[in-house]
Amino acid sequence: YSPSEPPKIHRLDESVVNRIAAGEVIQRPVSAIKELVENSLDAHSTSINVVVKDGGLKLIQVSDDGHGIRLEDLPILCERHTTSKLTNYEDLQSIKSMGFRGEALASMTYVGHVTVTTITPGKLHGSGFCYCSCFFFFFRVSYRDGVMEDEPKPCAAVKGTQIMVENLFYNMIARRKTFQNSADDYSKIVDLLSRFAIHHINVSFSCRKHGASRADVHSVTTSSRLDSIRSVYGVSVALNLMKIEVPDSDPSSSVFKMDGLISNSNYVAKKTTMVLFINDRLVECTALKRAIEIVYAATLPKASKPFIYMSIVLPPEHVDVNVHPTKREVSLLNQEFIINTIQSAVESKLRNSNEARTFQEQT
Ligand code: ADP
Ligand code: MG
């Protein structure tokens, strides 16, 4: 090592940059599925079906009945930073769609082989294509490294859009190995779809292994969240849930709204299940989860972990959605206040139900 000779700095190849970035967005098979399902939700789908082979390494296929993609957009669909959802930075403040960065599909093409089949309203003329909603066409097109491989080919009908990712991480040997020997990601995928299913009760979801006749998640549209939880998580969970709401009384006084279903003192589980949506985004919030676990541990005699479904709604400008490449975490204005308020609501709900139960047992 000679101090007189610092190492030379050079610019990384774009393909290297893109693959590194892609590895951050698509950390594992389940992250690809989350992005694809969120795209289907953003496309106003009412039915979303997932098929997975080899824990997602061999094949991921997400089909929806959403609005489809314009033919003219297909050439740039999988380029980095192409999106139909965001235009100005300021739009991020009020963004309602799950996606906004135009990175997910691009990322998938840098770490796998992507084929898109989609419906396009319009009409083929001798020389070109004209948009109108009286006719529909279907196109199939494949992508690698952000680029469309061939011209879109007309194909047989799908309802909305179907996106297929094959050979995920084929060019990331270490990562492929990590997932090769584990059925682990399939259970994560089932878990993910279960969460989406009980929140989006106006959308039907299914998830199955390739070739399997039985779906591992299968939800039908319903108007009752409890019904949906019963069908996805089972009767024994649904039986032991209580409705919870914040604010209880005066809605104008609150900076946020929460409604949910939480397990009562009869529910028994070794692990906490916390399904949390903030402004319809599936997120994790470790601090809130801890706060609730503490209440359960302190209030219930048995050392049972809770089942929690919660949907929190806040003014969009109070949520920063752009803090994590996988968008798994968001940061909230007034986070402490929100957590404390929810914690007391859970505590009083739980205490009431526990006292009612003790009373029942004594009489
Ligand atoms: P983002 O969701 O951040 O916009 P993506 O890379 O996930 O970025 O998707 C790029 C664009 O492709 C989206 O903005 C959307 O217009 C289109 N798209 C992706 N998936 C679907 C789908 N299932 N149905 C309709 N359009 C889709
Ligand atoms: Mg997206």
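Predicted model: local features only at pLDDT ≥ 70, side-chain atom pairs only at ≥ 80, totals over all residues.
Residues are numbered from 1 along each chain as its sequence is written, while chains are lettered from A and ligands numbered from 1 in the order in which they are written.

The contact between them involves 13 residues of domain 1 and 12 residues of domain 2; two residues are in contact if their C-beta atoms, placed from the backbone, lie within 7 Å. On the domain 1 side, helix H1 (14-25) and H5 are the elements that give two or more residues. H5 provides the largest share, 4 residues. Helices here are DSSP runs of H or I with at least four residues, strands are runs of E with at least two, and both are numbered from the N terminus. By class, this side of domain 1 has 6 nonpolar, 5 polar and 2 charged residues. Nonpolar covers Ala, Val, Leu, Ile, Met, Phe, Trp, Tyr, Cys and Pro; charged covers Asp, Glu, Lys and Arg; the others, Gly among them, are polar.

Next, the sheet. Five strands make an open sheet of mixed pairing, in the order E12-E13-E16-E14-E15, where pairing requires at least two DSSP bridges between two strands. Strand E12 (241-246) and strand E15 (281-283) are the edges, each pairing on one side only. Strand E14 (residues 273-278) runs parallel to strand E16 (residues 307-313), and 6 bridges join them. In one of these, leucine 276 has methionine 310 of E16 as its partner.

Which strands does helix H5 lie across? Helix H5 (residues 184-199) lies across E14, E15 and E16, at about 55° to E14. That angle is between N-to-C directions, on a scale from 0 to 180 degrees, with axes fitted to C-alpha atoms, for helices over the stretch in contact.

Last, the ligand. Ligand 1 has 22 residues around it, and Asn39, Thr83, Ser84, Gly99 and Ala104 come nearest; a residue counts if its C-beta atom, placed from the backbone, lies within 6 Å. Helix H2 (29-42) and helix H3 (104-111) each supply at least two residues of this shell. The shell has 7 nonpolar, 10 polar and 5 charged residues.
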